[in-house]
Amino acid sequence: ANRELWISQETDFSRARKRLEGKPLSIERTKGSEILFGIAPCSLALSQSRRDLFRLFLKQSSGSQRLVMSEFVLQATARGVPVHHVKRRELDALCRGGVHQGVCLEATPLRFKSLEEAEKPDLGDEERPNRQLIWLVLEQIQDPMNLGALLRSAYFLGVDRVVTSQKNSCPLTPTVSKASSGAMEVFDVYSTDDLRSFLKAKTAEGWEVVGTVSKPEDVENVPVISCLEFRWNKPIIIVIGSEGDGLSLETQLLCHQMLAIPPGRALHPGIESLNVSVATGILLHSICSQKLRHGD
């Protein structure tokens with residue numbers, strides 16, 4: 001009987017210990033903060049002065065990761081950010097299962113900038129009238145992975161500004177920063193609550209507004225051309241529509257022309273379009289490469 005009681009107590013103790021081990025440490029967050037995760041977003045956030053930074057959490061590590069972690073400690077120390085070494089499950093809990101690569105950073109969120117800030121003439125030579133400017137406008141992009149990928153491509157390919165519609169658009173979350181591979185930490189993103197008035201105003205200033213479409217037959221009253229045929233010699237705005245519906249009809253009608261990506265084969269029904277971030281990368285490369293060839 002005593003042996004059975006001992007085994008029962010031992011089993012209960014073992015279960016309780018497993019429950020405790022499985023339960024992540026509860027880390028109280030600073031009010032109004034969010035948790036950035038991943039090596040690139042955290043490193044770039046530490047190197048910039050765009051966020052207030054509260055705490056850096058690093059996975060207790062050995063071997064190949066030790067050098068990366070020591071670099072983070074140096075960065076955090078230089079910024080006066082406290083460093084906490086924690087177990088993987090604490091990091092998993094902090095970023096709710098995101099791919100943190102052993103690094104999380106508690107910081108204030110990044111906000112969209114207003115278009116008034118975009119109009120400030122503080123860019124010197126960049127705003128010369130004859131310079132080929134290209135702005136990317138996003139109408140109702142809702143998926144944070146798509147938004148991050150769009151920002152990454154826009155930054156890499158040389159887009160001058162990214163503007164999103166406020167309505168039905170994804171905010172600048174840690175998931176967006178991770179999907180952008182940290183580009184969001186160094187690249188301002190602007191927002192407008194009146195996309196149509198903005199496009200009309202830029203048209204009046206002499207900009208060309210170019211829409212995008214996956215099925216040319218769906219477009220009426222606006223000329224559609226292949227992105228390979230498109231040529232430009234003045235500032236342009238490329239407008240990208242939402243994942244499901246594309247550009248709204250009202251926005252299409254404000255475009256001077258629409259661009260389509262020609263497929264490389266006869267497409268099977270149901271596989272007739274590209275992911276929005278992939279399509280945008282292709283379009284931007286086609287357009288920005290002209291800018292690189294012609295220079296200013």
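Helix H3 buries Met69, Phe72 and Ala76. These three residues cover an arc of only 55° around the axis, so they lie on the same side of H3. The other side of the helix carries Leu67, Leu74, Thr77 and Ala78, which are exposed. The model discussed here is predicted.

Several elements cover the buried residues of H3. They include helix H2 (39-47) and strand S2 (53-59). Strand S3 (83-86) and strand S4 (103-107) are also among them.

The length of H3 can be checked against its residue count. H3 has 15 residues, running over 65-79. At 1.5 Å a residue, the helix should span 21 Å. Just after H3 comes Gly80, with a positive phi of about 70°.

Where is Ser177 placed? Ser177 sits in helix H7, residues 174-179. Is Ser177 buried or exposed? Its relative accessibility is 0%, so Ser177 counts as buried; the cut-off for buried is under 20%. Which residues does Ser177 contact, leaving aside neighbours within four places in sequence? The contacts are Leu36, Pro41, Gly182, Met184 and Glu185.

Leu274, Val278 and Ile282 make a nonpolar surface patch of about 230 Å². Val278 belongs to helix H10, residues 276-294. Its relative accessible area is 43%, so Val278 is partly exposed; that class lies between 20% and 50%.

| Helix | Residues | Detail |
|---|---|---|
| H2 | 39-47 | among the elements covering the buried residues of H3 |
| H7 | 174-179 | holds Ser177 |
| H10 | 276-294 | holds Val278 |

Now the whole protein. It has 10 helices and 12 strands. The protein has 296 residues, and 43% of them count as buried. Its accessible surface comes to about 16400 Å². Carbon and sulfur atoms hold 51% of that surface.

How do the contacts divide by sequence separation?

Note on methods:
Residues numbered from 1 in each chain as written. Predicted model: local features only at pLDDT ≥ 70, side-chain atom pairs only at ≥ 80, totals over all residues. Heavy atoms only, no water. Helix = DSSP H or I, 4+ residues; strand = E, 2+ residues; numbered from the N terminus. Expected span 1.5 Å × (residues − 1). Buried < 20%, exposed > 50% of the residue type's maximum accessible area, 1.4 Å probe, protein only. Arc of directions from axis to C-beta. Contact = heavy atoms within 4.5 Å. Patch = residues over 30% accessible without salt bridge, like charges linked within 9 Å, V, L, I, M, F, W, Y side chains within 5 Å. Areas by Shrake-Rupley, 256 points an atom, 1.4 Å probe, with all protein chains shown as cover. Salt bridge = Lys/Arg side-chain N within 4 Å of Asp/Glu carboxyl O.
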